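The following exercises are to be worked through with the sequence and the coordinates at hand.

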Amino acid sequence: MSLQVRNLSFKYHRDNILENISFDIEAGNLLGLLGPNGMGKSTLLKCISHILPPQSGNIIIFEKNLRSFSIKEKAKIISYVPQSTYSSFPMSVVDTVLMGRIPYINMKITKNDKDKAFAALEMLNLEDYAFKNINELSGGERQQVIIARSIAQEPSLLILDEPTSNLDLKNQMDVLEKIKNIVKEKKLIAIIAIHDINLASMFCDKLLLLKDRTIIAEGQNKDIINENNIRQVYGVETTIIKVDNRHHVVLKKKKTST
Amino acid sequence: MDIREQYDEQTNKKIKWISLLFVFMIILSIYTITLGTANISVHEVLSAIRKILTNSSLTVQEKIILHLRIPRILMAILAGAGLSFAGTVMQAITRNPLVSPFTIGISSAAAFGASLAIVFGLGIYTSTSFGIVLTAFFFSLLCALLVYGISNKIGLTPETLILTGIALNYLFSAFTATIHFFSQEHQLASAVAWTFGSLNASTWEHVVYVMVVIVICFPLLYRQAWVFNAMASNEDELVQGLGINPAKNRAVAGILSVLVTASIISFTGVIGFVGLVAPHISRLIIGSDHRFLLPFSTAVGGLLVVLADTIGRVILSPVIIPVGIVVSYLGVPLFINLIITRKKGYF
């Protein structure tokens, strides 16, 4: 059981955003997508989840092409968590998580739907917030509620766009640890876009480096996190140090030319 | 307590509140039948209703109740309920708290149709008051079709809908003003009076027409309560991720709520404020879950218009102040009070 992305290309108007992207990932693995701003990380995630269907190339999940699925069938397989959410009409945390059951319900939620939603809440330890209004929560808490909703959606493929971008250090660790546990426990496939290379190294099973519309390196942390790749992708000088058998990146100061 | 039990208890509480509000609305409506220039007691009203139902012959007073008071109050309930329900749906599908059924220009198009019929006698059967109704209805639907047609070219997003709607709103207002500019004084007076929104002309026939539209449209829309939950609180991308086609649902729900709105205001004239404020009052009280919000706002809207119409009838009796005016006097303080005192997380 795996996800295969084959020769995916995406154009926005006439501009090529993504060209010829291919990679595989097995169930139970967390894939980290690294790359500079504006290089199409978010677009790639939206293409994979078919929110923006790619013009060419295919996404094969469980041996089936995603193009053959209806919008509702896709929603039962893929769940997408955006960078941030805000609502003028905020609902309670429970009701927000219950929305994850929409692909399965026909007008009325059942006891089963409620059980799934509450289990997701408990999985992310959000019980204390259950009846709060979602707009009353902090950014990190809200992010976790949306992740809980994704879990309630029971996807096979979980896609998260920078789930840690506006969280503090402890919250970043918490959220990634929870995602990782869920991926292992439920044997999901998860893809996250992430900026922090060290965090990615700590939690992801596999990394992809995105630059100039395509993948320039893919593999395990120790194979692709090196000074050369980082310079090529981000244009910064770094020193690589080894911690717990993982490659971590330490930034070097630019030589100022004055 | 376990959060599961707590959730079920909250749900039951909300259902209880909704039922109570409907019961209150019915009791209040029966009471308001007694109020007006002719003095009638509650007892007389009840016995009149009994006689009407058993088809006995009626006294003059009972005829007043049957042919004037009851259709008027039913129309008030239906108008308030319908406009509020439609407003809740429009706000949900556009994700915008400033939207009411009138944002997309329906009311000014209806006012244009009515003015056209009153001033030039254009339209179908224009010599009758029903001609005014039909012309108003025709133009409000025409406006809605234009709004949807134009914004469909650019993807039917909330922004395109609202902006096209506002533009057409101004266009039809300009048309109406042009007609008024060239009209005779007595025609101008009745054309302007139409825009105040009034229930004076309500008949059983009107009640039946509006009732039919509501009975068809409400269940169709209520079935989509979860879709509205998703659309009201998420960007289109995420709505899609939940297995919903946002553009399609926006078009269908939008057209149904336009239909409800147009069929009401064609008979009553513009009772504008209910469609904006009753949904908000309801949200502040019962929350944004459309499973409960839709029925609750229906009752709040009905109640608001019944109250406003009754106040308009009795406060300067025998002069009747148009309900469209009173409803704003009543709704604004209530709304502002709720904004100040209720939840901070709102908006």
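**Exercise 1. A covered helix**

Helix α9(B) is mostly covered, with 9 of its 9 residues buried. The model is a predicted one. Task: list the buried residues of α9(B) and state what covers them.

Solution. 
- Step 1. The buried residues of α9(B) comprise B:Ala225, B:Trp226, B:Val227, B:Phe228, B:Asn229, B:Ala230, B:Met231, B:Ala232 and B:Ser233.
- Step 2. From chain B, the cover over these residues includes α3, α8 (204-222), α10, α11 (246-268) and α13 (290-314).

**Exercise 2. The interface of the two chains**

Task: describe the interface between chain B and chain A by its contacts, its buried area and its salt bridges.

Solution. 
- Step 1. On the side of chain B, 34 residues are in contact with 41 residues of chain A.
- Step 2. The area buried between the two chains is about 3300 Å², and carbon and sulfur atoms give 64% of it.
- Step 3. Between chain B and chain A there are 5 salt bridges. One of the salt bridges joins the side chains of A:Asp115 and B:Arg4, at 3.9 Å from N to O.
- Step 4. The elements of chain B that give two or more residues to the side touching chain A are α1 (3-33), α3 (60-94), α9 (225-233), α10 (236-241) and α12. Of the side of chain B that touches chain A, α1(B) gives the most, with 6 residues.

**Exercise 3. Two buried residues of chain B**

Task: determine whether B:Gly87 is buried or exposed, and what the charged side chain of B:Arg283 contacts.

Solution. 
- Step 1. B:Gly87 lies in helix α3 of chain B. Its relative accessibility is 0%, so B:Gly87 counts as buried.
- Step 2. Beyond its neighbours within four places in sequence, B:Gly87 is in contact with B:Pro101, B:Gly275 and B:Pro279.
- Step 3. From B:Gly87 to B:Gly254 the separation is 167 residues in sequence and 10.0 Å in space, taken C-alpha to C-alpha.
- Step 4. B:Arg283 belongs to helix α12 (residues 273-286) of chain B. B:Arg283 is buried and has no salt bridge: B:Asp289, the nearest side chain of opposite charge, is 10 Å away. A salt bridge requires the nitrogen and the carboxyl oxygen to be within 4 Å.
- Step 5. The side chain of B:Arg283 does make a polar contact, at 2.7 Å, with the side chain of B:Gln91.

**Exercise 4. The sheet of chain A**

Task: give the strand order of the open sheet in chain A and identify the strands at its edges.

Solution. 
- Step 1. The sheet is formed by 4 strands in the order β2-β1-β4-β5, with antiparallel pairing.
- Step 2. β2 (15-26) and β5 (64-65) of chain A each have a single partner strand; they therefore stand at the edges, and one side of each lacks a neighbour in the sheet.
- Step 3. Strand β1 (residues 2-12) of chain A is joined to β2(A) by 8 bridges, the two running antiparallel. A:Leu8 has A:Ile21 as its bridge partner in β2(A), and A:Phe10 stands opposite A:Leu18.
- Step 4. β1(A) and β2(A) form a hairpin with 2 residues between them, and A:His13 in the turn has a positive phi of about 55°.

Conventions
Residues are numbered from 1 along each chain as its sequence is written. Chains are lettered from A and ligands numbered from 1 in the order in which they are written. This is a predicted model: local features need pLDDT of at least 70, side-chain atom pairs count only at pLDDT 80 or more; totals for chains, interfaces and linings use all residues. Side-chain values use heavy atoms; hydrogens and water are left out. Two strands pair if DSSP finds at least two bridges between them. Buried means under 20% relative accessible area, exposed over 50%, partly exposed in between (1.4 Å probe, protein chains only). Lys and Arg count as positive and Asp and Glu as negative; His and the chain ends are not counted. A polar contact is a pair of N or O atoms within 3.5 Å; within protein, one must be able to donate a hydrogen and the other to accept it, and residues adjacent in sequence count only if both atoms are side-chain atoms. Contact means heavy atoms within 4.5 Å. Buried area is the accessible area (1.4 Å probe) that two parts lose on being put together, summed over both.
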